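Trainee: Could we go through this model together, asking what lies behind each term?
Mentor: Gladly; let us look at it first.

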There are 2 protein chains.
Amino acid sequence: MRVELINTGTELLLGNTVNSHLAFMAQELFPLGLRIQRQITVPDGEAIRDALRESLERAEIVLMTGGLGPTTDDITREITAELLGVELAEDATVLQAISERFARRGIAMTERVKRQAQVPRGASVLSNAHGTAPGLYMKAATKDVTRHVFLLPGPPRELVPMFRNLVIPMLQDLVPGAAASECRTYRIVGVGESNVEAMIGDDILAIENIELGYCARPGEVQVRCIGSPAMLERAEQIIVDKLGACLAARDNSSLEQVVVAELAKRERRLAVAESCTGGFIANRITNVPGASAVFLAGFVTYANEAKTSALCVDSALIEAHGAVSQEVAAAMAEGALRAATADYALSTTGIAGPGGGTDQKPVGTVFVALAARGRSTEVARYSYPTDRETFKWMVSQAALDLLRRTLLEAKPVSSQEHRTPGRGN
Amino acid sequence: MRVELINTGTELLLGNTVNSHLAFMAQELFPLGLRIQRQITVPDGEAIRDALRESLERAEIVLMTGGLGPTTDDITREITAELLGVELAEDATVLQAISERFARRGIAMTERVKRQAQVPRGASVLSNAHGTAPGLYMKAATKDVTRHVFLLPGPPRELVPMFRNLVIPMLQDLVPGAAASECRTYRIVGVGESNVEAMIGDDILAIENIELGYCARPGEVQVRCIGSPAMLERAEQIIVDKLGACLAARDNSSLEQVVVAELAKRERRLAVAESCTGGFIANRITNVPGASAVFLAGFVTYANEAKTSALCVDSALIEAHGAVSQEVAAAMAEGALRAATADYALSTTGIAGPGGGTDQKPVGTVFVALAARGRSTEVARYSYPTDRETFKWMVSQAALDLLRRTLLEAKPVSSQEHRTPGRGN
């Protein structure tokens with residue numbers, strides 16, 4: 001079955017919003033053996049009509065996002081009904097769900113909001129657990145082929161659960177004999193793309209029917225394998241053997257998920273002391289469900305006085321070497337280790353820019369330290385001259401990977417199989 | 001002139017990569033009076049042909065990305081030449097640039113790489129400062145209309161400088177009399193989308209030639225106005241009057257940018273104490289260049305012991321009311337205020353989920369507090385039952401907005417005009 005995705009929204013074509021729907025839906029559809037063959041973005045308004053008409057000529061499944069809201073520029077529902085030749089009518093159940101939602105939140109319901117209770121005749125309503133506008137599913141026939149049209153809300157927090165909980169099961173019924181091919185993604189930290197390819201070598205190319213892809217990201221390389229489970233096992237054997245400790249995750253887990261899982265397996269607890277990363281490392285770690293079992297405290301010591309008061313970094317040390325120095329990085333990590341009575345403590349101090357650079361320590365200079373009980377403190381120096389947010393990302397990758405590699409040397413408490421938890425755990 | 005963008009790349013349709021080209025190009029084109037009317041994503045291969053043929057029927061300017069590389073699935077160059085009826089020939093200058101690039105990096109040049117030196121007859125070469133494959137510009141006539149086709153590399157680090165340095169100046173020559181229309185985006189926090197439209201009211205609709213758009217984001221509504229400067233002034237008057245303090249930013253600044261600017265204007269300094277947001281608020285604030293002038297310290301007190309040791313929250317208070325309580329939120333904010341000798345301190349304590357909820361305090365419950373010198377501490381309770389990352393985002397919006405509204409009551413140190421700094425400051 002051919003699938004097309006139409007994203008509506010003037011904000012997408014003005015560049016105010018990066019479209020994340022395609023990537024999300026593609027990953028959700030893949031296990032069903034479905035691939036999106038074409039994706040189209042059009043502005044709010046009449047352009048939706050042309051795009052939908054064209055997609056209905058080509059695809060059996062048309063997914064549309066956006067334009068279901070209460071404001072006057074939201075007309076996806078109306079255009080679709082018109083194009084499919086069905087009338088809209090107010091649906092009492094939908095209206096009641098909307099009223100209840102407003103009542104629960106103590107907000108007065110305006111006349112405008114009621115538009116969202118309009119449902120094309122014969123359409124199925126997909127209830128929206130995180131917003132007002134429901135999704136809609138309609139069937140139509142063009143050129144004697146049955147077409148399945150899904151109208152879905154634009155905001156990701158409404159779309160994502162609706163797609164996972166309602167749309168995917170409906171599509172599973174439409175394509176019962178899903179292809180048995182799987183996609184596995186491996187993440188490698190601390191090695192460049194061409195070196196990853198060289199390390200993996202040519203043996204993997206001898207495996208039949210494996211689709212191999214390399215993708216370089218800031219501070220990370222991703223290797224993608226698509227194929228049958230048996231072939232994927234053979235490929236994985238090679239990848240694991242050749243990459244060794246450089247392989248950060250074999251199931252597309254993030255570095256923070258791996259670190260939280262490895263800490264948990266060893267029953268070890270972490271603190272972080274951040275200057276230039278400004279809370280970003282703590283934030284990444286606390287994004288992982290269950291982080292509270294292994295994460296004790298973070299100290300975002302942006303000002304020098306905070307380094308002294310919260311982490312007991314000697315102000316004379318800062319005076320002598322500067323806040324961005326190997327010595328202060330080490331003292332910050334050791335201070336955090338003591339202050340939180342943790343087993344491991346990471347620290348970062350550097351110059352994110354745009355200002356603050358010197359000849360000796362230009363913008364992008366950073367020191368990352370790891371203190372651990374019963375080990376000497378390790379400090380590494382890096383240089384990431386880039387924008388502020390990429391800088392934080394690169395430094396957090398370096399810090400988390402330093403901890404990951406150190407953890408691998410320590411034995412897990414129980415000898416259970418190596419497995420990192422997914423987001424849902 | 002109508003502009004369309006075709007992004008080619010199987011990785012985009014597999015969901016491995018989020019397409020950031022549309023947002024980037026749209027923002028670059030807007031000041032030229034150009035808008036992308038349609039964006040299409042197709043996989044590598046023959047699908048490119050159909051997409052290009054269709055776009056050439058509709059648009060005067062067609063931008064294409066991807067498929068210019070050395071591998072066999074990179075055929076954008078060949079398909080375009082064929083469709084426009086021109087032959088490809090090896091370009092000696094391009095070949096030399098490629099050879100030099102490989103020599104400089106000490107890598108042997110394979111036969112395959114030479115494909116990238118093929119140039120359609122009559123095309124202009126756009127040199128690639130960050131990669132091997134050059135961009136190409138071709139002119140063609142369809143239906144007696146001149147069409148301008150740009151083939152551009154897929155990797156953002158090659159595309160971005162090429163687009164800015166070479167494509168934009170060429171487009172400026174094509175559309176010399178750029179329309180004088182501007183785009184202004186307003187951000188509203190603490191009010192829902194339908195209520196924002198109701199608050200603004202109908203007066204704004206009477207202004208001629210204003211394109212108005214509403215966009216709901218988690219914890220924020222964005223209102224977009226496009227029009228001539230004079231009409232935009234009239235629209236802004238209405239928006240500012242009607243929305244009052246709910247208008248968080250009038251220049252598309254983020255809430256953290258507004259807060260940093262308002263603190264700077266008042267020469268006030270901030271500390272934060274985060275439990276459930278886990279460093280996310282500190283991270284948002286430190287994303288703003290110049291944050292170091294107003295941000296002293298963040299305490300990510302995830303464990304109860306950290307609340308006690310870093311913030312001096314009485315453990316008996318935690319025992320009596322629970323860590324997620326009005327009392328502990330207040331004590332955390334007051335503790336951070338004292339520990340960092342700040343003027344303002346925000347705190348958050350809540351249940352992000354998925355675990356940890358109770359009947360009285362279900363998942364999503366959160367207390368946000370603001371302590372300030374010479375004021376009594378304010379505490380607000382919210383409920384955001386959602387996923388972990390959206391929860392953090394919603395709580396950070398509530399906390400930053402509480403601070404923003406409080407700051408507005410305090411007089412700036414100098415009476416300079418209200419203006420929030422852009423990212424580059």
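**Strands, sheet and interface**

Mentor: Strand β14 (residues 295-301) of chain A and strand β14 (residues 295-301) of chain B pair in the antiparallel sense over 5 bridges. The model is predicted, so local features need pLDDT of at least 70 and side-chain atom pairs pLDDT 80 or more, while totals for chains, interfaces and linings use all residues. Residues are numbered from 1 along each chain as its sequence is written, and chains are lettered from A and ligands numbered from 1 in the order in which they are written.

Trainee: What makes the β14 strands of chain A and chain B a pair?
Mentor: Pairing requires at least two bridges found by DSSP between two strands, and here there are 5. In one of them, A:A297 has B:T301 of β14(B) as its partner. Strands themselves are DSSP runs of E, at least two residues, and helices runs of H or I, at least four, numbered from the N terminus.

Trainee: How many residues of chain B are in contact with chain A?
Mentor: 67 residues of chain B, with 66 of chain A; contact means C-beta atoms, placed from the backbone, within 7 Å.

Trainee: Why are β10 and β12 of chain B called edge strands?
Mentor: The open sheet has the order β10-β11-β9-β12 (chain B), with antiparallel pairing, and β10 (211-217) and β12 (247-249) are edge strands because each pairs on one side only.

Trainee: What joins β10(B) to β11(B)?
Mentor: 7 bridges, with the strands running antiparallel; B:A216 has B:V221 of β11(B) as its bridge partner.

Key. Contact = placed C-beta atoms within 7 Å.
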